[in-house]
Number of protein chains: 2
Amino acid sequence: MSSSPADVDATSNTFPLQWEVGWTKLETDTPERFVPAQVPGAVQLDWARAEGWEPYWIADNWKQYEWMEDVFWTYRCVLQTPELKPEQERKAAQKLFLRMDGVDYRFRVSLNGSLVREQEGMFAPVCVDITDLIHPAGKGENVLTVQVFPAPKSHREAQNRAQANQSCKPAVSYGWDFHPRLIPLGIWQPVWLEVREGRHFRHWDTDYTLSDDFSRAEISMDICIERDKKADRENCGGAELHWQILDETGTAVLDQKLAMEQHDLLPRLKGTVQNPRLWWPHDQGEQPLYLNRIELRSESGELLDVHEQRIGFRRVRLVMHEGAWDSPEAFPKSRSNPPITLEINGRTIFCKGANWVSPEIFPGLLARETYATQLGMTRAANMNLLRMWGGAPVQKASFYELCDELGIMVWQEFPLACNFYAGTREYLRVLQNESEAIVMKLKPHPSLVIWCGGNELFNAWSGMTDQSHALRLLNSVCFELDPERPFLMTSPVDGVGHGHYVFRDPESGQEAWEVFQKAACTAYCEFGCPGPASREVLESIIPSAELWPPKVGTAWETHHAFGVWMQSSHLYVDVLEHYFGPSDNLDVMIERGQLLQCEGYKGLYEEARRQKPKSSMALCWCLNEPWPSAANNSLISWPSKPKPALAAVGQACRPVMASARIRKFQWGEGEIFDPELWLLSDSAEVRPRRQVEVWLEHAGTSTLLLTWNVPAAEANTNTQGPRIQYALPMPSARGNSAAAGSSDVAAADVKRFDLVLRAKDASGFAMHEQDSRYTLLFVPGRKQRRNPRSMN
Amino acid sequence: MSSSPADVDATSNTFPLQWEVGWTKLETDTPERFVPAQVPGAVQLDWARAEGWEPYWIADNWKQYEWMEDVFWTYRCVLQTPELKPEQERKAAQKLFLRMDGVDYRFRVSLNGSLVREQEGMFAPVCVDITDLIHPAGKGENVLTVQVFPAPKSHREAQNRAQANQSCKPAVSYGWDFHPRLIPLGIWQPVWLEVREGRHFRHWDTDYTLSDDFSRAEISMDICIERDKKADRENCGGAELHWQILDETGTAVLDQKLAMEQHDLLPRLKGTVQNPRLWWPHDQGEQPLYLNRIELRSESGELLDVHEQRIGFRRVRLVMHEGAWDSPEAFPKSRSNPPITLEINGRTIFCKGANWVSPEIFPGLLARETYATQLGMTRAANMNLLRMWGGAPVQKASFYELCDELGIMVWQEFPLACNFYAGTREYLRVLQNESEAIVMKLKPHPSLVIWCGGNELFNAWSGMTDQSHALRLLNSVCFELDPERPFLMTSPVDGVGHGHYVFRDPESGQEAWEVFQKAACTAYCEFGCPGPASREVLESIIPSAELWPPKVGTAWETHHAFGVWMQSSHLYVDVLEHYFGPSDNLDVMIERGQLLQCEGYKGLYEEARRQKPKSSMALCWCLNEPWPSAANNSLISWPSKPKPALAAVGQACRPVMASARIRKFQWGEGEIFDPELWLLSDSAEVRPRRQVEVWLEHAGTSTLLLTWNVPAAEANTNTQGPRIQYALPMPSARGNSAAAGSSDVAAADVKRFDLVLRAKDASGFAMHEQDSRYTLLFVPGRKQRRNPRSMN
């Protein structure tokens, strides 16, 4: 069990520390040179700053950092230690604690040459009583050192993510299709000194359950009180615990005092909050938060210690979707699929969201401001859940605080991804320590709704199974410490889909829309549509001489435009040329690539929604990125620059909207354009009657195809509508069909047209709702063009 | 953690107890009448004996017992207590312990009116120091009472198995399709008094891991030593532990002594056994067993306590079958199926076996002799694994001891089956206590290879999921106490099949062979073919006036011949008539029904084997039965009377054998009889070349159809052979085809013919191997007859 997490914003009794850092090849050497260090930060950033290097995100500058993985880094600082009050009448002496919220990755802390802590793992905090190790004032300097070991590697032959398969080091920094090989090391969370009274809280832990009708929260709080062992008996009795839960107005909804017995070091408190206001994801209700506060006071009423933590009340479950038990049908019978439909406070929620990858390569750079910006964008895009992908580190506390406030649900994975993590004794020991720390730190957050062992562990490229000790351990840890939260061993589980990650597969010729329309997943927890970054981002990372045309072997490639998944990933020039012909310049190519990303994502999100209630989640891969990619499936370029696709996804995730199931993106002369209409609703409100007008727009001409009278419907219910049958071309493109016919597309031949769904109320009055608009391609004179290798 | 299990055969310091039992309607009353009680036993058996009732297994006599579920039963006995040696120089006083290995189900133990133990759960043993509760000799009687509560019921509206869904009471006795409603209660395991020294073992626990090359077993032993608290310090130091592991010749392969420190109450010992002889299932190798023995001796060398336990060394894993990682193939990708292929000591094992249901309604009647008989039959039938179905109770210790000796692997389920076990706090508390006791009792057995949460919990009729707290708890308990053994939450998991349970589905017209030949399961963990019991069994349970013809509403029905699964289950007169026409008398009907069971099971076992390596298990439902069924899928009638199908299954499970995939059971005039030949091998030996002769036999005439020259093959490998194409009828049936043609079958029309596969060695000499023989039906003049509802 770890100690309770520190709220690092409460710095009333911290003391500023001035750090410096240097490196050695051998563990036992002392650095010859120290440079100033920023804490929190990373050794790479400190050294680059001292050397005056260009930013790591430009071109292939990251290659400069490779040697840093394999040396020993030593941080050093001289402590300004405070005066501690000595033992006085009936009161134990004050204590000085060293607190470190996270050091990446394996490290050894020493004070004045004495070992204070040796640890493997970046997530478990350090909280050590150093009172007896510090020199009194005037008796010499107090020197704190933190030696950081080389990055963990299970093998040295190949430089790849599998090197992380025997550690809890997030695998992404060993190299991924959106991340360069750059392995951060160093102190990534705050370090501070803290003066505590002799009697103080060592640990606390709150659990609650809601009654079936949600009218009561039954809360329990387990506490562990530390006391000065030398003054054993005197220090326990007579003290008092004061436990309060305060609502947002500061009113106590629970208020209890407990007089402590002599030896009562592990008191357990129980209480009830009547009619708690329930926390909801933002598209379903409010986000009321409460302050859970406990004070320890001496017999004379003096405040000895206080803990405060924000909590929220909601019940979360993974439930079977409607109809799930009907399958399997025939003998021999297997099991029904595992549940993946999220239920909050008894209400089924369709989850719309994305996979979060850490928005910085260096976790020490993660900042509340970045979180606030990107989470604001997430909420504005009508997303209600983020899957915290296991390849990346667990985020800093402010991330989860903001999710609580913004009503964004969190699916949190442990740091395992796409590797075979063999269950050696040493690995399991570290994993247990790290996972317990992660669970204890995050469990108070109402936004956190799912624990998950990690990414794609039950697929061929990982090779783990339900029998893997690492995953059985994680089930045990989560069940013991946090049983009310659902736990998945990995994603995908049976019935859940990951992929595809293309608009059009260059090999099979299949479009992603078609793949999804044929699929029948219970949740779509990863799917990607690539798009290039904006010119502004591209200019910031690619030398101007390499900007046009994009080529293999340039900064385009080191920033993932080529050769990361298949040869043409993630820029897919071949796919762009398939639809539009060659692009004349960078801006045209960017516009086309971003259009595909926008339309592709809209079609996929909406298809996942149309398959409700069997389908219950649409989470794209991925929301953001840890450094600037030239092309990527991300919706937000680093640093926090939204691509047009973010707004498109926001359109596709509106709680109530008209939607069209469109078979394909590109249409030819004489084809029957046959979108199927839907009215989608994930809203908790009953949906009144409305009308949907269907328009075809091209070259400034609009044609009304039909008006669908949509009946009223229950809350959270989709309605399937008519299928349009319309022989192309559009009126404005008629008599203009001579140009093409060959198998090559000239950019000039391709026309764009829009299908527009316009909402009106039951009386035909316009609603204050945005249109659903789909941009499609029409190639005059061209009947159809399919790749002969199509899997259709 | 429970105390370690008692070896109840070691009765050197037990004292015979004379029990009597009576009942009351109210918890607080005392029985008016006591009758003699047998311990171990059941209250129902004691009462019936006292009343002189007819046996419960005849006709519907079991209905007499219904009221017994709902009253309070009180056992009583007067203890003959031994003299205890008092505290002497440097030696603590002896202690008297009450040991009870199992009381069914909720009970309260009192001694001289003082409460000794209150417990819910039949599996956790009781081991209590009663030294301070007994009256000294001559100071009055010592009266022990055990009050047994009414059978647990979560509801009273309906009398069904769901009443067991909030307890660890095995659900089968609440009524099943092979079990009457008869819920046993009472003391089902031994109760005895035991004199112990003041210092003794309270708990011990041994774990081992084998090195990758199996050349070393690294063993650890955790011990908890109890000592007299009054004489604290004096009683710990100076004592000595002597740990030995002895092979079957009595030679120590490990021998360690440890001098104890003063306060060392939890010593941990570690050792290595070099080149341990490995335990194998009987069809793969030997079953060497070792004796794990630890002694506690006083400073003067006096033996204070000793524990002995038989162990065996083997490594067990569930692994992915060959090719398993290739699936899923297309996007969106789900996970690969969970592993279900058993690997012992690095060797993949095809599991052939059956589902074990308890061979007695009353667990108190379970006896080593019954186990020895039925396990002997199991082994003789070439079965190597039994699935201990979760609807039935965990068996007595001698069952697992015999499995160790006989080389029969055990898949052990916890007592959950076909119910929704809601995770209430109280249920989880009992489940944790019971499951920990079960794991600690059974984990030393090398034959035990899989833990499983229970039966069919992830199907509609149970409604549990991977999120169910009960199953997450069981995974945690098994991982914590016994991590090296595979754990399944339930059966079936994805890819595994249960069912079907018919020879021919009367509704769809499909034959079980066809269903299996189209299936592609990773394991067939339940499948059934029903057959009637022998005349001898039928006469023992059905009044002679009801014997012929079988009718609904008679003892046939109460013994499961009608209306238990579908209207015609398990006798299926309609299916018999479909193939053979009406039966003239009981013996003809029995012969026909048993033929279908024999041929059905052979076809299913062999098909599951032909699908190796994707398929890895063939476990029929079920091996045995807890009371005599008139018709059932069982291979052994109660009590231990094999049906002909047991020998047939033994044929189908031979390690190396020729096999034919036959599409259907009944053939018509002019049809192409087209069996496909296979050579099946689960043997660890390389298979030399051989010949297989294929004969058609009918009415004393044999026709050689072909001789297949089977090439040599690797160990554990099947070989697919030619497909025969033979236009029926058989020569001996030619010119005899005028009779039939109508849609009704007259028994006289139906001819039987045999397909016989005869093994010869590479030189054509006969081998000492039994033929593979399949009996089939031929209906002269009849082209084909299929039910129009066939799913083909």
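**Figure 1. The loop of chain A that holds A:Ser640.** In this predicted model, A:Ser640 sits in the loop that runs between strand E32 (636-637) and strand E33 (641-642) of chain A. A:Ser640 is not a glycine, yet its phi is positive, about 65 degrees. The relative accessible area of A:Ser640 is 18%, and a residue under 20% counts as buried, so A:Ser640 is buried. In chain B, the loop between strand E32 (636-637) and strand E33 (641-642) holds B:Ser640. B:Ser640, again not a glycine, has a positive phi of about 60 degrees. B:Ser640 counts as buried because its relative accessibility is 16%.

**Figure 2. Two cis peptide bonds in chain A.** One cis bond links A:Asp104 to A:Tyr105, with omega at about 15 degrees. A:Tyr105 belongs to the loop between strand E5 (103-104) and strand E6 (106-111) of chain A. Another cis bond links A:Ser491 to A:Pro492, and there omega is about 0 degrees. A:Pro492 lies in the loop between E26 and strand E27 (496-498) of chain A.

**Figure 3. Strand E6 of chain B and its two antiparallel partners.** Strand E6 (residues 106-111) of chain B pairs with strand E7 (residues 114-120) of chain B in the antiparallel sense, over six bridges. In this pairing B:Phe107 is opposite B:Gln119 in E7(B). Two residues separate the strands in the hairpin of E6(B) and E7(B), where B:Asn112 has a positive phi near 50 degrees. E6(B) also pairs with strand E9 (residues 143-148) of chain B, in the antiparallel sense and over five bridges. Here B:Arg108 faces B:Gln147 in E9(B) as its opposite residue.

**Figure 4. The hairpin of strands E38 and E39 in chain B.** Nine bridges join strand E38 (residues 690-698) and strand E39 (residues 701-710) of chain B, which pair in the antiparallel sense. B:Gln691 stands opposite B:Asn709 in E39(B). The hairpin of E38(B) and E39(B) leaves two residues between the strands, and B:Ala699 in the turn has a positive phi of about 50 degrees.

**Figure 5. The surroundings of B:His321.** B:His321 is placed in the loop between strand E19 (316-319) and strand E20 (341-344) of chain B. With a relative accessible area of 14%, B:His321 is buried. Leaving aside residues up to four places away in sequence, B:His321 touches B:Thr341, B:Thr522, B:Pro613 and B:Lys614.

**Figure 6. The largest cavity.** The whole structure contains 14 cavities of 30 Å³ or more, and the largest has a volume of about 400 Å³. It is lined by 24 residues, of which A:Asp466, A:Met489, B:Arg335, B:Asp466 and B:Met489 are the closest to its centre. Strand E26 (487-488) of chain A, and helix H5 (469-481) and strand E26 (487-488) of chain B, each give at least two residues to the lining of the largest cavity. That lining comprises 13 nonpolar, four polar and seven charged residues.

Figure 7. Chain B is superposed on chain A by a rotation of 180 degrees with 0.0 Å of shift along the axis, at an RMSD of 0.0 Å. The two copies are therefore related as by a two-fold rotation axis. Among the residues of chain B, B:Ser476 comes closest to the rotation axis, with its C-alpha at 2.4 Å. The copies meet through the same surface, because 98% of the interface residues of chain B are also interface residues in chain A.

Key
Residues numbered from 1 in each chain as written. Chains lettered and ligands numbered in written order. Predicted model: local features only at pLDDT ≥ 70, side-chain atom pairs only at ≥ 80, totals over all residues. Heavy atoms only, no water. Pairing = 2+ DSSP bridges. Helix = DSSP H or I, 4+ residues; strand = E, 2+ residues; numbered from the N terminus. Least-squares fit on C-alpha atoms with pLDDT ≥ 70 in both. Contact = heavy atoms within 4.5 Å. Buried < 20%, exposed > 50% of the residue type's maximum accessible area, 1.4 Å probe, protein only. 1 Å grid on protein atoms, 1.4 Å probe; cavity = no way out; pocket = protein on both sides within 12 Å on 5 of 7 lines; lining within 4 Å. Points joined across faces, edges and corners; volume = space filled by probe spheres on them. Nonpolar A, V, L, I, M, F, W, Y, C, P; charged D, E, K, R; others polar.
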